[in-house]
Amino acid sequence: MNITVIGAGYVGLVTAACLADVGNDVVCLDLDSQRVDLLAAGQVPIYEPGLDDVIQRNRDDGRLHFTTDTARAVAHAQVQFIAVGTPQSEDGSADLGQVLSAAESIGRHLQGFKLVVVKSTVPVGTGERVRQTIADALQARHLPHGPDDFAVASNPEFLKEGAAVDDFMRPDRIVIGTEPGPTGERARELLQRLYAPFNRVQERMLTMDVKAAELTKYASNAMLATRISFMNELANLASEVGLDIEQVRKGMGSDGRIGYSFLYAGTGYGGSCFPKDVRALIRTASSHGRHLRVLEAVEAVNEAQKHVLVQKIGARFGTNLKGLLFGLWGLAFKPHTDDMREAPSRIVLKALLERGAQVMAYDPVAMAQARKVLAHDCGSCSSMLDRLRFAATPMECAQDADALVIVTEWPAFKSPNFETLRQVMRQPVIFDGRNLYDPAVRAQGFEYHAIGR
């Protein structure tokens, strides 16, 4: 099939590359000419394991193309995916400007029947707004049109950063929301054909109406965020009553109704999805006169949890950290990505610098992104950045440190040479924000502070 994907960001690139990899002819449209030029030259502007290989293979084989030409992109395919960003507005709601702009562009160039598939994460009711935007664009062209001239469907993505290619190629479910009537049936048939290569082992497609599909994405992320905040609440209680939250986690997770996923205590969630989607869902409820009290608490707990490591450091060293050097392992909000959006490391780093500390930081892939966002975070006091340096290796990062702070659970941090680590540090103090180590590490000469342990 011929496919058009509008948006060459994280979701758009993964969608375009993976659909091309199963034989489709895909055009990926983005209005950022610099980004399109990079992709055309074989460079991938985001870090996602395996994605560069998939893009290169399909570009070289002639199945994946990048363009800034909207007319060409719309004309290319009957199926048009909208995979643009939905950034958070000041009031917490999702900004649909890019989604509706993409819909308007489709309507402006539409010839013949088109299936418009919204893959961006959007609030309930967006499908109706997309349909109206396309209809308005057709009316502005003075073209006669009826309700069956195009279809709008929802196909939310469920991609984990760091495993997005595998998630797309081996999905646990494919959610399809379609409109009622003949156009909805036509949309389902097209999407069943498109996703057939991903359903060969077992049927993974779940069909529902558009609004239900839109809410399914928000509800899924909100549930996972809730599990994280719930576990962090219990971990903080565990610290007060003197027990190991890891023992509790294992006891809970062994219950098949609960399971182990997303039950790890830590420094809170970050990234582009959970924080934004929880707030957007709260805002959607508010616009309908409802309060999602559980999710309001989830968000409050998460924001507070990002400061837990800072509080532990303050309790150990005081609020004046001048003359102290802290090594910091991990900058990205999670491993296998360079995404710094709402990363807990930003809270920790800024607090350490504000209190006068010297900081040496290391992350396997996120240091370039970290330099950009930290310059923004410390913009009002850029001199703080003079006390921040970046290391080439984890051990260099810990050299002469008065304490090591672990913020991201990269695999390379899980089993270091503790003897070497203790020798290179000035003071063998570890603040483990991801509970990577067993408290028995104290027997090796370390002062060990973790979350709920």
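Guide: Lys 211 has 41% relative accessibility, so Lys 211 counts as partly exposed; buried means under 20% relative accessible area, exposed over 50%, and partly exposed in between (1.4 Å probe, protein chains only). Before we go on, this is a predicted model, in which local features need pLDDT of at least 70 and side-chain atom pairs count only at pLDDT 80 or more, while totals for chains, interfaces and linings use all residues. Residues are numbered from 1 along each chain as its sequence is written, and side-chain values use heavy atoms, with hydrogens and water left out.

Visitor: What makes Lys 211 and Glu 128 a salt bridge?
Guide: Their closest N and O atoms are 3.5 Å apart, and a salt bridge is a side-chain nitrogen of Lys or Arg within 4 Å of a carboxyl oxygen of Asp or Glu. The pair joins distant parts of the chain, 83 residues apart, with Lys 211 in helix H9 (residues 210–241) and Glu 128 in helix H6 (residues 126–140). Helices here are DSSP runs (H or I, at least four residues), numbered from the N terminus.

Visitor: Why is Glu 128 called exposed?
Guide: Glu 128 has a relative accessible area of 52%, so Glu 128 is exposed.

Visitor: What about Lys 306, buried or exposed?
Guide: Lys 306 has 3% relative accessibility and therefore counts as buried. Lys 306 meets Glu 303 in a salt bridge (3.8 Å, N to O). Both belong to a network of salt bridges that also links Arg 279, Glu 299 and Glu 342.

Visitor: Why are H13 and H14 called roughly parallel?
Guide: Helix H13 (residues 308–317) and helix H14 (residues 344–354) pack at an angle of about 30°, with their axes 9 Å apart. Angles under 35 degrees count as roughly parallel, so H13 is roughly parallel to H14. On the H13 side, the contact (heavy atoms within 4.5 Å) is made by Leu 309, Val 310 and Ile 313, and on the H14 side by Ile 347, Val 348, Ala 351 and Leu 352.

Visitor: How do you know that Cys 273 is in no disulfide?
Guide: A disulfide is a pair of cysteine sulfur atoms within 2.5 Å, and a search of the whole structure finds zero. For Cys 273, the nearest cysteine sulfur, that of Cys 18, is 16 Å away. At 24% relative accessibility, Cys 273 counts as partly exposed.

Methods: Axes are lines fitted to C-alpha atoms, for helices over the stretch in contact, and angles run from 0 to 180 degrees between N-to-C directions. Helices (H or I, at least four residues) and strands (E, at least two) are DSSP runs, numbered from the N terminus. Angles under 35 degrees count as roughly parallel, over 145 as roughly antiparallel, 65 to 115 as roughly perpendicular and the rest as oblique.
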